[in-house]
Amino acid sequence: MSRQINREMQIIDIGGDPDLMAYDPIRNAIFVTVEDQNAVVAYPASLEKDAKPLHTIKVKASQPTGIILVSTTRMLFVAVRFAVLALDADSGAELSRIPVAGGTDRLWLDTAGNALYAASSDGTVTTMHVNGRQLQYESELKTNVKGHSLAFDPERKLIYVPGGREGRSKMVILKQFGALPMASEEVARAAVSGTN
């Protein structure tokens, strides 16, 4: 079966500077952060011509970028200029706000561990705990690499932060404090077979 994208289906004029998106399977909608409008806008994911926004959430912050939707709890996590916001996806109400390093624009959610990680362009990684519908600050670490993305390995409880410093590419690997890396049988077998 081919998964090749072979034609443009629809163009929507957002009228601003969109950054990142999150899909809402319950409403069949796309949430888009619009930096220069300090807003998160939901559009229908259908192929409706000249689609109009379903919902606009004005945030009390500037430059919304990173976004994650937890469709089961209807929570949106949004990175803004100096904070990460927890918002109600349906009403747009702000539920909580955690101060973070400037330039934070990427988020990663560990649903099993109820942890939200935020990465800044200066290499700062902030860890927050998701407690029901609230965020709680846990820790912040300056990795000393310039980069603003991260990946989380839930099996081993490792955070990977790629970036660079002094003209060289680097990757910092962080372990959650107090977490023992526990590899599943499948991961352990793959690691053993890779060494043979």
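**View 1. Both faces of strand β10 are covered.** On one side A115, Y117 and A119 are buried, and on the other L116, A118 and S120 are buried; buried means under 20% relative accessible area, with a 1.4 Å probe and protein chains only. Six of the six residues of β10 (residues 115-120) are buried, so the strand is largely enclosed by the rest of the structure. Strands are DSSP runs of E with at least two residues, numbered from the N terminus. The model is predicted: local features need pLDDT of at least 70, side-chain atom pairs count only at pLDDT 80 or more, and totals for chains, interfaces and linings use all residues. Residues are numbered from 1 along each chain as its sequence is written, and side-chain values use heavy atoms, leaving out hydrogens and water.

**View 2. Strands β9 and β10 form a hairpin.** Strand β9 (residues 104-110) pairs with β10 in the antiparallel sense over six bridges; two strands pair if DSSP finds at least two bridges between them. L107 stands opposite A118 in β10. Four residues lie between the two strands, and N114 in the turn has a positive phi of about 50°.

**View 3. Strands β10 and β11 form a hairpin.** Five bridges join β10 to strand β11 (residues 124-131) in the antiparallel sense. L116 stands opposite M128 in β11. Three residues separate the strands, and G123 in the turn has a positive phi of about 90°.

**View 4. Four strands form an open antiparallel sheet in the order β1-β2-β3-β4.** Strands β1 (18-24) and β4 (55-58) stand at the edges, each with a single partner strand, so one side of each is left without a neighbour in the sheet. Four bridges join strand β3 (residues 39-44) to β4, where I57 is the bridge partner of V40.

Notes
Buried means under 20% relative accessible area, exposed over 50%, partly exposed in between (1.4 Å probe, protein chains only).
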